[in-house]
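Take a look at the structure first, then read on.

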2 protein chains.
Amino acid sequence: MTTAKDTQRMMHINLFIMGCGHHKAAWRHPNSMVEQLGDIAYYERLAQIAERGKLDAVFFADGASVGNVSDGSPWFMEPLTAIAAMSRATEKIGFISTVSSTFYTPFHAARLVASLDHISKGRIGWNVVTSMFDEEARNHGYQAMPAHSERYRRAEEFVQTVLGLWDSWQDDALEFDRQGHYANPAKVQPINHEGEFFLVDGPLNIPRPVQGHPVLFQAGSSEQGRTLAAKCAEAIYAVAYDLPAAQGYYADIKQRVKTAGRSAPVPIMPGLVTYVAATEEEAQAKQRELDELLPVAASLRQLSVFTEQDCMSWTLDEPVPELPPLAEFKGPQGRYSTILRIIETEQPTVRQLLGRLAAGGGHCTMVGTPEQIADKMENWFRNGGADGFNLMPPSLPYGIEDFVEQVIPELQRRGLFRTEYTGNTLREHLGLARPQHP
Amino acid sequence: MTTAKDTQRMMHINLFIMGCGHHKAAWRHPNSMVEQLGDIAYYERLAQIAERGKLDAVFFADGASVGNVSDGSPWFMEPLTAIAAMSRATEKIGFISTVSSTFYTPFHAARLVASLDHISKGRIGWNVVTSMFDEEARNHGYQAMPAHSERYRRAEEFVQTVLGLWDSWQDDALEFDRQGHYANPAKVQPINHEGEFFLVDGPLNIPRPVQGHPVLFQAGSSEQGRTLAAKCAEAIYAVAYDLPAAQGYYADIKQRVKTAGRSAPVPIMPGLVTYVAATEEEAQAKQRELDELLPVAASLRQLSVFTEQDCMSWTLDEPVPELPPLAEFKGPQGRYSTILRIIETEQPTVRQLLGRLAAGGGHCTMVGTPEQIADKMENWFRNGGADGFNLMPPSLPYGIEDFVEQVIPELQRRGLFRTEYTGNTLREHLGLARPQHP
């Protein structure tokens, strides 16, 4: 029997893990667990908190360079190895690892992710990225990052090769016939791929993943990124500053998926930074507490670079001085337009602007009571802005504990979020069909 | 106070994991756990049994192709991801993963292995191999396997690059200064490597491993392999059919290490296949039971290839017919000389020969009571043949359970093996100093 309740559309919510949290100064807080970033128990605990909240998955970004040691965010554990351990400390929640198509070989990527899917019994997703920074390229044999278009051509061939390798074993290849063979040789076949970037004979040396294919996440915002997403992404991590921006991206991607002839739901999950507390004032105080931990000189120096202004003499607790319009700006447009947008819509003080840029940047930030945040999330969810969210807690584990204890129950009361897992795999959590063997 | 007991030289013993065991037919046994090879709990259980026996480490071979599905050994889990989980199911035992210097980039290898060293709190070793088979090469972009000498040049540069990346963070780089930086930028430095094969700027994006360097294993037997081992291996997995062969290899490597100016102990651990039971007859029965599971036609066909004879009409339970001497043999010498050696020293029936080739091949096999096996191991250990052994149980988990329950107590009674772990890291188990930061 199907009731209205059974078929109600539900949000999908991931915990996006990042060191001590997505606020760059979070590790500076006296209570931060920066000393524990080398202890896998810390990551296991984060996954357990997220699972207590019945979240869909834990999401790992990744990069192939260390970044700014002197005033950047701290390091974090390598995602693939961390996820193997985290999956054993949990039972239901999914895990999404970023793996770069520019630096791995498709065979390694296919095998590592497939192995995690077996270890976790079907709870793995793969966030395909093409990577961005020359420092990363120069750790993997390139003099500089290959051009954007080349990276995307490579990514497309990479994804197709990985999917082919996952399908190189049929689902019923394992026969365990003790008088014959452990696997039916007719059901384990090479792929003999030879393309512009890769030569891969296959078959893979691990049976087809539990989910058929681990769930393919993508986060493209460029034209080529959106095209790739429309063609193969099964779920999308998006960047949207506010509801209109989210609606624009959402409509565009859903249209492209349709145009590509696909009927999959492709849930779109924008990044979301939240500060939640019993009262709005307390929530704002939490935000202010982190913002005040920012190293002032370094932050103003960075803001000077972003804005091409001398910001060093700006007064922290006064409104941001007027900036030239986008059209007059000569530097990188993306970050500058975000800055103008924040100033226009939030009228922040200089310190608040620094804080916003230090926590999620161009992502949406919601500050308030559980009801206020649930209202806003519901608004995005019901009005074509999102199918769910990739939570970017400004501080960890505190930000995700707050969310799980305060916002999740409110979303559950509204019938917008599961009160118990109804499936065992990440695909089931996300409402995605298991891909048939071709 | 140092007593004779404190300074007594002790064996080092690893469990070398391989699917359902090192006997190719082990998976065909009615009790085999071939259905569980996709269940990480199976691997965790193997590690727990080995830890109950106070073994130094679990050792994983690896390859980048699926091998013979129709009559080969079954698949196994990808080692790096499996070890992350297995290390969380144990407390003291080490884990050694094979990682190929031909297919990985040094940055990925350094980071994945370093991450495991953090996850396991210092219990990781890396077995460097250069890989061998064209099928593996053709899964990673090569038309065929690069020449042996090129692979070893690459391996040497690879190892030096990985060591450099592990040292790119000083031990005390992490300062957690909440008013300053989480790591001291002066103590996190690039390596700016640009060699024949690799361009890697560094620094690595993970702090120096718990052990400084995870322990470097190697298994070279060729001239180039031995040279590389003498230069950088910290422990060695060897292949030795009998004590004279082991002694020859042992003396050669120890001499080369000395010549290279190194004072490290470099424990040498030959592979060892054991069949153990309360009586010699029962032990032989265990061996026969596995040998009888071999598919006869396929095994004889393979033997025909190895010997360049028509073996299809040979009678299974009669002695092996006489074979031409090595000098007259035109095919690959290594395997053929092993076959001649087995025939000469063991006078096997055809079935016994097939069984020996199907379980460990050129490795030493010991069959008997716990006392008999301990006698032989002690003989190797006391007479310049071995510093310990890499156990290759013909069937798993049974072969390692037998060994841990029956042989380990006998070795402990003789004062040849630890009764409790005295350290927490793999380096400590192996008696290897932690490498200073250069």
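Let's start with A:Pro203, which sits in the loop between E6 and strand E7 (215-218) of chain A. Helices (H or I, at least four residues) and strands (E, at least two) are DSSP runs, numbered from the N terminus. The bond joining A:Gly202 to A:Pro203 is a cis peptide, with omega about -5 degrees. Chain B has a cis bond to look at too, running from B:Leu396 to B:Pro397 with omega near 5 degrees. B:Pro397 belongs to the loop between strand E11 (388-391) and helix H14 (398-413) of chain B.

Then there's A:Val266, not a glycine, yet its phi is positive at about 45 degrees. You'll find A:Val266 in the loop between H8 and strand E9 (268-276) of chain A. For background, most residues other than glycine have a negative phi, and most peptide bonds are trans.

## Ground rules

This is a predicted model, where local features need pLDDT of at least 70 and side-chain atom pairs count only at pLDDT 80 or more, while totals for chains, interfaces and linings use all residues. Residues are numbered from 1 along each chain as its sequence is written, chains are lettered from A and ligands numbered from 1 in the order in which they are written, and side-chain values use heavy atoms, with hydrogens and water left out.

## Where the chains meet

How many residues does each chain bring to the contact? Chain A puts in 75 residues and chain B puts in 75 residues, with contact meaning heavy atoms within 4.5 Å. Together the two chains bury about 6100 Å², and 58% of that is on carbon and sulfur atoms. Buried area here is the accessible area (1.4 Å probe) that two parts lose on being put together, summed over both. A:Trp75, A:Arg178 and A:Tyr182 account for 14% of the area chain A buries against chain B, more than any other three residues.

There are 33 residue pairs in polar contact across the interface (both at pLDDT 80 or more). A polar contact is a pair of N or O atoms within 3.5 Å; within protein, one must be able to donate a hydrogen and the other to accept it, and residues adjacent in sequence count only if both atoms are side-chain atoms. On the side of chain A that touches chain B, helix H2 (40-52), helix H3 (79-88), helix H4 (106-119) and strand E6 (199-200) each supply at least two residues. H4(A) gives the most, with eight residues.

## Salt bridges

Over all chains the structure has 62 salt bridges, and ten are counted between chain A and chain B. The rule asks for a side-chain nitrogen of Lys or Arg within 4 Å of a carboxyl oxygen of Asp or Glu. One pair is A:Asp39 with B:Lys121, whose closest N and O atoms are 3.1 Å apart. Another joins B:Arg178 to A:Glu35 (2.9 Å, N to O).

## What the record says

UniProt, in an unreviewed entry, annotates residues 27-387 of chain A as "domain: Luciferase-like"; such annotations may be inferred rather than shown by experiment. That stretch is 41% helix and 12% strand, and its end C-alpha atoms are 31 Å apart. The unreviewed entry also lists "binding site" residues, among them A:Asp62, A:Thr98 and A:His148. A:Asp62 is in the loop between strand E2 (57-60) and H3 of chain A.
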